[in-house]
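Welcome, and please take a moment to look over the model below. The notes that follow go through it topic by topic.

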Amino acid sequence: MQEQILKELMKKPCPFCGSNKLYEGKQAYYANINRGFHGRALKHIFCAKCGSIIHSYVENPEKLLSKLEREDLER
């Protein structure tokens with residue numbers, strides 16, 4: 001589902017400047033989202049023209065959840 005949302009976002013122009021130069025990038029170093037021992041990268045869709053971050057998300061968020069929490073999401 002996240003991949004479909006990202007594809008749709010990349011098709012739209014930047015809501016701030018109207019540019020179609022949108023790219024995906026990963027925030028480096030201490031930008032991981034941690035829960036216990038598991039950390040996941042924070043990723044962004046950004047505009048190359050004005051520098052605005054259009055959308056942010058956690059890469060593979062299911063890896064942050066316990067087995068019971070993952071089963072609960074599937075219900």
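The residues lining the largest pocket divide into five nonpolar, two polar and four charged. In this count, Ala, Val, Leu, Ile, Met, Phe, Trp, Tyr, Cys and Pro are nonpolar, Asp, Glu, Lys and Arg are charged, and the others, Gly among them, are polar. This is a predicted model, where local features need pLDDT of at least 70, side-chain atom pairs count only at pLDDT 80 or more, and totals for chains, interfaces and linings use all residues. Residues are numbered from 1 along each chain as its sequence is written, and side-chain values use heavy atoms, with hydrogens and water left out.

**The largest pocket**

- The volume of the largest pocket is about 310 Å³. Eleven residues line the largest pocket, and the closest to its centre are Gln-2, Glu-3, Val-58, Asn-60 and Pro-61.
- A pocket here is an open set of points on a 1 Å grid over the protein atoms alone, where a 1.4 Å probe fits, with protein on both sides within 12 Å along at least five of seven lines; lining residues have an atom within 4 Å of a point. Grid points are joined across faces, edges and corners, and the volume is the space filled by probe spheres set on the points.
- Helix 1 (2-11) and strand 5 each supply at least two residues of this lining. Helix 1 gives the most, with three residues.
- Pro-61 sits in the loop between strand 5 and helix 2 (67-74). Pro-61 is partly exposed, because its relative accessible area is 43%. Its C-alpha atom is separated by 7.0 Å from that of Arg-40, 21 residues apart along the chain.

**The chain as a whole**

- Two helices and five strands make up the elements of the chain, and from the N terminus on they run α-β-β-β-β-β-α. Helices (H or I, at least four residues) and strands (E, at least two) are DSSP runs, numbered from the N terminus.
- Of the 75 residues in the chain, 20% are buried. Buried means under 20% relative accessible area, exposed means over 50%, and partly exposed lies in between (1.4 Å probe, protein chains only).
- Cys-47, in strand 4, counts as buried because its relative accessibility is 1%. Cys-47 and Gly-18 are 29 residues apart in sequence, with 9.3 Å from C-alpha to C-alpha.

**Salt bridges**

- How many salt bridges does the structure hold? There are two, each a side-chain nitrogen of Lys or Arg within 4 Å of a carboxyl oxygen of Asp or Glu.
- Side chains of opposite charge can pair when their charged atoms come close.
- Lys-11 is exposed, with a relative accessible area of 61%, while Glu-8 is partly exposed at 34%.
- Lys-43 and Glu-24 also meet through their side chains in a salt bridge (3.9 Å, N to O). This pair links distant parts of the chain, with Lys-43 in strand 4 (residues 42-47) and Glu-24 in strand 1 (residues 22-26), 19 residues apart. Lys-43 is buried at 15% relative accessible area, whereas Glu-24 is partly exposed at 41%.

- Which residues make the nonpolar surface patch of about 270 Å²? Tyr-23, Phe-46 and Ile-53 do.
- Patches are made of residues with over 30% relative accessible area and no salt bridge; like charges are joined within 9 Å, and nonpolar side chains (Val, Leu, Ile, Met, Phe, Trp, Tyr) within 5 Å. The accessible areas come from the Shrake-Rupley method with a 1.4 Å probe, and for residues only the protein chains shown count as cover.
- Tyr-23 has its place in strand 1 and is partly exposed, at 41% relative accessibility. Tyr-23 and His-44 are 21 residues apart in sequence and 8.2 Å apart in space, C-alpha to C-alpha.
- Ile-53 belongs to strand 5 (residues 53-58). With a relative accessible area of 47%, Ile-53 is partly exposed.
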